[in-house]
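Subject: Handing over the structure, with notes

Hello,

I am passing on the structure that you will be looking at, and my notes on it follow below. Please keep it open beside this email as you read.

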Amino acid sequence: MENINKKKDLIIGFGLIALLFIVLTVLEHTIRPTSILFTVLKKGAIYALVAVSMNLLNGFTGLFSLGQAGFMLLGAYTYAIFTIPVEARAQVYQYFDGGIIQFTLPVIIAMILAGLVAAFFAYLIGLPVLHLKSDYLAIATLGFAEILRAIFQWDKLGVITNGSNLLRKYPVFKSTTFYFAVSGVCIALIVLLINSTYGRAFKAIRDDEVAAEAMGINLAHHKRLAFTISSFFAGISGALLAMFQTTIQASQFKSAMTYEILLIVVIGGIGSVTGSCISSFLFIACSEWWLRFLDNANLNFTSIQILRPGFRKVVFSIVIMCIVLFYQKGIMGDKEFSISGISGFFKKIRNKK
Amino acid sequence: MNFFQANLPYLLAGISTGGQYALIAIGYTMVYGILRLINFAHGDVFMAAGLIMIYAYTIMPLWISIPLTIILTVLVGFSIERAAYKPLRTAPRMSIMISAIGMSYLIQNLALYITGGLLKNYPKIPWISDSITIFGAITKRVTVITPFLTIILVVALVLLIKYTKIGMAMRAVSKDFETAQLMGIKIDSVISMTFIIGSFLAAVGSILFFSNYPGVTPTVGGMPGLKAFVAAVFGGIGSIPGAVIGAFLIGICENIIKGLGWTTFSDAFTFVLLICVLMFMPTGLFGEKQTDKV
Amino acid sequence: MNILKMENITMQFGGVVAVDNLSLEVNEGEIVSLIGPNGAGKTTAFNVVTGVYAPTNGAVWFNGNKIVENHPRRKMKKLYAGKDKTVFNGHLEPTPDKITKLGIARTFQNIRLWKSQTVFDNVLIAKHLRRSSNVFSATFRLNWKEEKKQREETADLLKILGLYDVKDELCTSLPYGLQRRLEIARALATNPSLLLLDEPAAGMNPQETAELTDFIRRIRTDFHLSVFMIEHHMDLVMDISDRIYVLNFGALIAQGTPDEIQNNPDVIAAYLGESEEDSDYSDKPYAVEEEAE
């Protein structure tokens, strides 16, 4: 009976995803491409991927890491640096004589390379740092992200990174379906990992690492594995972000970006992949679109100007604090979205009546 | 002698910055010692003190606005603890850290909203903002006052912790939270006192800090806050003298690096120091080793 | 043929010597118990064997191979206060997972199950160490044969131990006694040849303890194990042990068969005490004075 339910969920899940892609394609052909809806969808997909990657690390393995922005930075820059067309390099690297990299890689390879570079740095950083207690790990990874940002803004490396100037003119993708496809594939891989024996080992480490070690799970190896894999996907999301923004600059990858991703994960539920996806879209929709009216100075009723730019973010922050304080489990808690879950929920309500 | 003269402004700036970081760092180390919480919002309390001073000064003269700033900042720190940390005292460690991050986010956004994102100019406090000359180097009087004021306050604090009842209560709570509670110590009062002292010192630190800087932006608290935390880790988390030593070390090295022309890396130095401490000396200079019972 | 040998193990934390020159052996197929008052250093001894602590001085042998060895180094050189001065030159400090891979498994004094996982998964996870698949083959499900085999083995183990009916329950919803049994099942899933049980009967009533006694005997035979046990329930200890070691203040004060231990005056004084019928009150200093004639 159990297995039949699980199979039903899986088939319906696939059906929904297919439906989603069909809807997206239809939308793309009907609504004007500059609509805010697409901005929200694209950015939502990107943040969904990085949120899930952070959840893999924080929620499923119990490693409180705040270095996500650093790995996105690595991914974004790797992609941009290796795909700027040779003819445009002189213009982009105008202060550095065109830069030293004078070839381009195909887009797909550059994207995968983005993930690999991020994973490589994660491996190096992880070696000394992963055995630390949670608060120290948080600060150490935060520190590494800041060091990376400083390095990428350094003039002496400008021949590669363009120093503190923008990187631009690299190939971008306009279609929303592309972002969903890439994010979707990556998230699917993470879900496969989480449900595999390694995913279970990660959860064991999260629940009780002393017991996990006593049952033969090598902590250093598995923590490094989780860290590296999470950073790989953070790197890919960085590459996607670069495409979405069409220009990137090291200074934007501040720790504030990591905090936003962390808040997305918490709101969605630590330990829930679907929760991270849902809350990512909600978060982006609220901050970029739905709460925009709060910034509109023309809507004030009284003479005191409450509604003006910046009010949106204040309301937003208060909502987040409420969720953190009162709904600690987040939207989904540690459960995943499923049709049997929803029908069970409705059955409970009917039974209560 | 020329080398010394050329670098003296940086050295003096370093000692001064170090003192300011020390005043912030004490807040971090005390809160971590008692609650095992990295109070991410502490740096923003420091920034808020700066803003409060600016707005107070537009209405009131200096001799009122300075004490008012200090009182209001203490109120802010106290309220943050009551609103965002007290409800989560029994929650897992990650939750309370996330609450601190959320609080920091909220304060920064509030500041952004209130100021409209513009740089606000800090009032010029007479006498301490005046330029003076020391050994041929021109600097502001506040640069010289800061280290002395810091040391006085730190000594006062250490005396308080060693010789008063509330100080003993604080030491007990930082050693063993639960047992202290069972022994009848009013945990809420101790924790509130910790935040009050921390915010008081942050307010003083902000007055000294912003006398030297053109103005206050909403994000200005982030970096000094993080650096002060690293100072606390370096000195051994929970140790006040350690945090002070760490803060002066960071302040001096940071300014020497700037003096050598590597400004982009002056911030990174702090984090390299952090990584080194965590790798080679995780309990810091004066910290205690903690073993987990299996 | 001894399967486990602890050789002159001294464990010192800072200035406190928790285990002082402990040497003991467990022979193949035996059930050996380690008893003593609270704080005597028993769990510390376990932690040295399983690699949680590296001993300050001494060595541990498993199946004739040296698996742990250490001598006072760095700070400990000056602080060392143990009685034993035997020199151990080597330095072997394996992490607990390596020792488990060799075939030593343990349970914990305070139950340490993985609370978010079901009964089935708690045991399945313990089989992870025996996998030959890497993270790629696991993610892409290329290891489906190995996964199927391990799931079958887990189901079999649960059936043998009487936990199959609750296999899909969250382990936290089990009653205390079953949780303890699950912890043992989990340890058995790692395919050990030596099982370390840390107070397996803690919190159990006499009936549960009797069931546990049979249970331990049964798994010793069915799984070809040797058992090394810390326990306070003397009925269980005396009933089931082939030999007993007695620890007090970190040092060994007696060893022998259950009969020998029960009659050992040092052990009685330190730990066991006497039962009411046997004692003779007249030699106690605070005895009630006999009425003088």
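Before any residue is described, one term is needed: a residue is called buried if 20 or more other C-beta atoms lie within 10 Å of its own, exposed if 12 or fewer do, and partly exposed in between, with the C-beta atoms placed from the backbone. Please bear in mind that this is a predicted model, in which local features need pLDDT of at least 70 and side-chain atom pairs count only at pLDDT 80 or more, while totals for chains, interfaces and linings use all residues. Residues are numbered from 1 along each chain as its sequence is written, and chains are lettered from A and ligands numbered from 1 in the order in which they are written.

Helices (H or I, at least four residues) and strands (E, at least two) are DSSP runs, numbered from the N terminus. Helix 6 of chain A, residues 134-152, has 19 residues and reaches 27 Å from its first C-alpha to its last, close to the 27 Å expected at 1.5 Å a residue; the expected span is 1.5 Å times one less than the number of residues. This helix 6 of chain A is mostly covered, since 14 of its 19 residues are buried.

Two residues are in contact if their C-beta atoms, placed from the backbone, lie within 7 Å. The contact between chain A and chain B takes 32 residues from chain A and 34 residues from chain B. On the side of chain A that touches chain B, the elements that give two or more residues are helix 5 (107-129), helix 6, helix 12 (255-268) and helix 14 (311-326) of chain A, and the largest share, 10 residues, comes from helix 6 of chain A. The residues of that side divide into 23 nonpolar, 6 polar and 3 charged, where Ala, Val, Leu, Ile, Met, Phe, Trp, Tyr, Cys and Pro count as nonpolar, Asp, Glu, Lys and Arg as charged, and the others, Gly among them, as polar.

Val315(A) has its place in helix 14 of chain A, and it counts as partly exposed because it has 15 C-beta neighbours inside 10 Å. Thr246(A) lies in the loop between helix 11 (219-245) and strand 2 (247-248) of chain A; its phi is near 60°, a positive value in a residue other than glycine, and with 14 other C-beta atoms within 10 Å, Thr246(A) is partly exposed.

The strands of chain C

Two strands pair if DSSP finds at least two bridges between them. An open sheet of 6 strands in chain C has the order 6-7-8-3-9-10, with mixed pairing. Strand 6 (104-106) and strand 10 of chain C stand at the edges, each with a single partner strand, so one side of each is left without a neighbour in the sheet.

Strand 9 (residues 243-248) and strand 10 (residues 251-256) of chain C run antiparallel and are joined by 5 bridges; among the bridge partners, Asn248(C) goes with Ala251(C) in strand 10 of chain C, and Leu247(C) goes with Leu252(C). These two strands of chain C form a hairpin with 2 residues between them, and Phe249(C) in the turn has a positive phi of about 50°.

The domains of chain C

Chain C is divided into domain 1 (1-103 + 193-274) and domain 2 (115-191), with bounds that come from an automatic or database domain assignment. Their C-alpha centres lie 28 Å apart, and 10 residues of domain 1 of chain C are in contact with 8 residues of domain 2 of chain C. Helix 3 (96-102) and helix 8 (206-222) of chain C each supply at least two residues of the domain 1 side of this contact, and the largest share of that side, 3 residues, comes from helix 3 of chain C.

Best wishes
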